[in-house]
Amino acid sequence: MADGPVAEVLLRQLATADGGLDSAELAAKLGVEHQAVVGAVKSLQALGEIIEAELRSTKRWELTAEGEEIAREGSHEARVFRSIPPEGLAQSELMRLPSGKVGFSKAMSNKWIRVDKSAADGPRVFRVVDSVEDEVQRRLQLVQGGQAEKLGEKERSELRKRKLLTEVTLKTYWVSKGSAFSTSISKQETELSPEMISSGSWRDRPFKPYNFLAHGVLPDSGHLHPLLKVRTQFRQIFLEMGFTEMPTDNFIESSFWNFDALFQPQQHPARDQHDTFFLRDPAEALQLPMDYVHRVKRTHSQGGYGSQGYKYNWKLEEARKNLLRTHTTSASARALYRLAQKPFTPAKYFSIDRVFRNETLDATHLAEFHQIEGVVADHGLTLGHLMGVLREFFTKLGITQLRFKPAYNPYTEPSMEVFSYHQGLRKWVEVGNSGIFRPEMLLPMGLPENVSVIAWGLSLERPTMIKYGINNIRELVGHKVNLQMVYDSPLCRLDAEPGPPRTQGTA
Amino acid sequence: MPDISYAWCKAVLKENAVYILLPFKLNKLKLAISFFFQLTKNLMNCVLNLVWNLMKLYDLLCLEGLVRGLQVFKERIKAPVYKRVTPNGEIQKLIITEETARIRPYAVAAVLRNIKFTKDRYDSFIELQEKLHQNICRKRALVAIGTHDLDTLSGPFTYTAKRPSDIKFKPLNKTKEYTACELMNIYKTDNHLKHYLHIIENKPLFPVIYDSNGVVLSMPPIINGNHSKITVNTRNVFIECTGTDFTKAKIVLDVIVTMFSEYCENPFMVEAAEVVFPNGKSYIFPELAYRKEIVRADLINKKVGIRETPENIAKLLTRMHLKSEVIGDGNQIEIEIPPTRADVIHACDIVEDAAIAYGYNNIQMALPKTYTIANQFPLNKLTELLRYDMAAAGFTEALTFALCSQEDIADKLGLDISATKAVHISNPKTAEFQVARTTLLPGLLKTIAANRKMPLPLKLFEISDIVVKDSSRDVGARNYRHLCAVYYNKNPGFEIIHGLLDRIMQLLNVPPGEKKGGYVIKASEGAAFFPGRCAEILARGQSIGKLGVLHPDVITKFELTMPCSSLEINIEPFL
């Protein structure tokens, strides 16, 4: 209670005090624990400007329990001295005394006693002097009497080393009148209650002020995963741009759709066991669109559609091999093939889903990640159109400075890598890969010759890591996720925020 | 402006190697190039693009190619014409025997006559071979190159295959002879060569090339003989490429001879060699084939999105090593594709070169007028809606891996792997990637295990795909979209998971009750669940999943200590 008896006494004392009073002195005066006065000071402080309290710390010397015993009974060496009768005492007997061990050596070094090792029944101890001054006891009694300052620095530190003295810091308050000082305090209400509202008593009651510096209580809530919040925004951007979502709910794909249909030759390094997860069961695709497969085979091995082809022995077994798709472009190939089976109408497609690579794992690479892909199919699309669409897409992500550089992709020609200047990282970063699908990929599907298909892709993880300032991908994706990070992550507003939060490294 | 010399290029590249490798240092490389070239901004963009484009071409893996590329681009020199010449004396012959058919059936060869190496040239020559081996040769699996001092040998040469114990020679940089069997053992510990051993290891016959005196030139694709080793002083080089891909072998040979014939007494002249195949047919190599393509200028303009005259386009292409001229009606461009440009196989490759020479960043951007109405994929649309309401119900979203160990989906859940219908990966590097998950539950339990320090209760969910075998699908497997939720606390909280199910059904507009279109839960069994604490969920007339309190064995196997209840359903019936 803020208005406990100590608080009331304190206020009364303060009313008559000259300037202020010390909490420790008040405690001594009232004969209460110092802590009780401190409690009163704090509760009065909480009421506003009634009092002002300034924290002061003072140091003083106190005796330890052993020190108090010595101040009362004398030092160990003096007690040893006193216990030795004029005829001496057997050393073994002396050692059994409570102060024996410590006192014996100290008394020896003070040259108060001596040992006669030649005595008949073992060593005996004799007094050397008739009387002694117990300097240790005298000094401790001085400290006990509050006169520690009379001892020299060296003497105090010697006593402290013997664990007879300790220095204690006492925190006290210097209490003075506040701007709203009053000796009569009324109890303040903490909260508005239904009764106060119905009785109207709130009108007459003072309310305890809130501490607006304290944190609120976070609501109990569920949270969406940051990577998937970014996925939602990317979906939104594509939908705003009129792109239709492709089905991608097939992690298992045949080599045919994943590679061959994209005019990726069968000896291409990406088809190596080291880069791609192949399946043991089911090891092979059961059905392939054989008409189309033959056109693909011919294009690879002999050329056609204006192409020289790769001129190698294309094998159906290789195309049948099942794998975990290495890119969502396999789903784009299926969508374009479906598009080609009807009279042509322009199309804009997108997808965001998982892909799998049998790669070496590190802080930024996992065996599975999400790929974002956009595709536009229409008559007469140009490289300039591709760049124009990329500009609009990246502007929606808040990225306006773009630069394009030649790249190599087996299934796009021309190909371009997209770079953007990242204000936060202060460097050009690769933000995506793009190109125009090769005619050797499109024409065997049955798309008309003057239809071009432009496409681009990027990973979902990388922009998310940059956005949320995450350095290790395992903290973001997979079961080792840091749930606290999930709980704390802000809304995803791709175009509203300039860059990653400043970390210690960049600060 | 300095001359674009070999030495200059080497210096610039050395200085900027790091920038070329790390594209984000783009600005610094630009600065360096513009300083040396004193280029205008647009031209600088082109040169920069060119340098990168050159990096992708096989013939520009060496400085000779890069220097020549830049010189042609800057119109300092005309692209050289590479010629195959028949020697005045006897032509070098390589005879392939039929034993090679089963191991490494193709071989091609050529001679560089009166070449003059220097230390730099020699190093570059060796480096190019190594780069080709790593790159187009697919780590020597498709093609392996051997280069020899012709003056130490005497033709004709024989390319054959023999039992490893019957092959004995002194290999490169060794002082004594070894049999092929011994060599395979020695090279097991060789950091460089051990990567190639698997190509012929365990084959009954090994490929080998002999000269007419029985001297071993090489045992492809592993090692050359020491006898015919080339040095800086070698004047006549015999080059053989053996392989399993004929086209690639021919390209590799063309690349080497076009790059280094520059240092021959008659620059860019390559001496032919004859290769006799087992069927008796004989071919002359290198091919050094020039091909002509005719592409309409307006097609290039239309594909790139620029408006250049045919003459300008021809000029752009010529600078890219594709000698071009306007012919016919003035709109057609005839392009000569040299043997160094094996990457050009379609008109679209020519279009790209024109665009690169023009400079990607100089192309005017435009928006396509393609009018389309967007549709969401219905399954993803439903998923998105459910995710928000799961979070609103107080559950936090997890994102776990689709690949996992057999143990995760079987042993740890008290199941046998054969009961799971899981698809199996044939080449996992670790046990974490043995199978695709058949249930989302293990991922969520592992997420809890990694977050045990977080305050209880932990309420997690995930809506994502699982994979099972399905012979009705073209690939023999399919995904299902699952929703899984777990509650982890000091009490099992079955009522909370049950309440979540009721809420999900409410959201999906499925009423409780057995009548048509409704949902009920019925006591059931499940290996992962505590006996008597498991129920099957039946909705719209079909079983969609299970809920219940997890079995203590499951909790322990996932390194958890508290009771836990879970729910997992297939959401596809609600589309």
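**Two chains, strand by strand**

Student: Which strand of chain B is joined to strand E9 (residues 279-281) of chain A?
Tutor: Helices (H or I, at least four residues) and strands (E, at least two) are DSSP runs numbered from the N terminus, and two strands pair if DSSP finds at least two bridges between them. Here, Asp281(A) stands opposite His424(B). Two bridges link the antiparallel strands, and the partner of E9(A) is strand E20 (residues 424-425) of chain B.

Student: What pLDDT do local features need here?
Tutor: Residues are numbered from 1 along each chain as its sequence is written, chains are lettered from A and ligands numbered from 1 in the order in which they are written, and side-chain values use heavy atoms, with hydrogens and water left out. This is a predicted model, where totals for chains, interfaces and linings use all residues, side-chain atom pairs count only at pLDDT 80 or more, and local features need pLDDT of at least 70.

Student: How much area is buried between chain A and chain B?
Tutor: Contact means heavy atoms within 4.5 Å, and it takes in 108 residues from chain A and 95 residues from chain B. Buried area is the accessible area (1.4 Å probe) that two parts lose on being put together, summed over both. Carbon and sulfur atoms give 58% of it, and the total is about 8500 Å².

Student: Which three residues supply more of chain A's buried area than any other three?
Tutor: We're looking at the area that chain A buries against chain B.

Student: Which helix gives the most to the side of chain A that touches chain B?
Tutor: First, polar contacts: these are pairs of N or O atoms within 3.5 Å, and within protein one must be able to donate a hydrogen and the other to accept it, while residues adjacent in sequence count only if both atoms are side-chain atoms. Between chain A and chain B, 52 residue pairs are in polar contact, both at pLDDT 80 or more. On the chain A side, eight residues come from the top contributor, helix H16 (residues 383-396).

Student: And by class, how many residues on that side of chain A are nonpolar?
Tutor: Ala, Val, Leu, Ile, Met, Phe, Trp, Tyr, Cys and Pro count as nonpolar, Asp, Glu, Lys and Arg as charged, and the others, Gly among them, as polar. The side of chain A that touches chain B has 26 charged residues, 33 polar ones and, for nonpolar, 49.

Student: Which residue is the bridge partner of Asp22(A)?
Tutor: E1(A) pairs with strand E6 (residues 165-177) of chain A over two bridges, in the antiparallel sense. In E6(A), the partner of Asp22(A) is Trp174(A).

Student: Over in chain B, which residue stands opposite Tyr159(B) in E8(B)?
Tutor: Strand E5 (residues 157-162) of chain B runs parallel to strand E2 (residues 92-96) of chain B, with three bridges between them, and Ile96(B) has Tyr159(B) as its bridge partner there. E5(B) also pairs antiparallel with strand E8 (residues 206-210) of chain B, over five bridges. In E8(B), Tyr159(B) faces Ile209(B).

Student: Where is Pro457(B)?
Tutor: The peptide bond from Leu456(B) to Pro457(B) is cis, with omega near -5°. Pro457(B) lies between helix H13 (441-449) and strand E22 (458-469) of chain B, in the loop.
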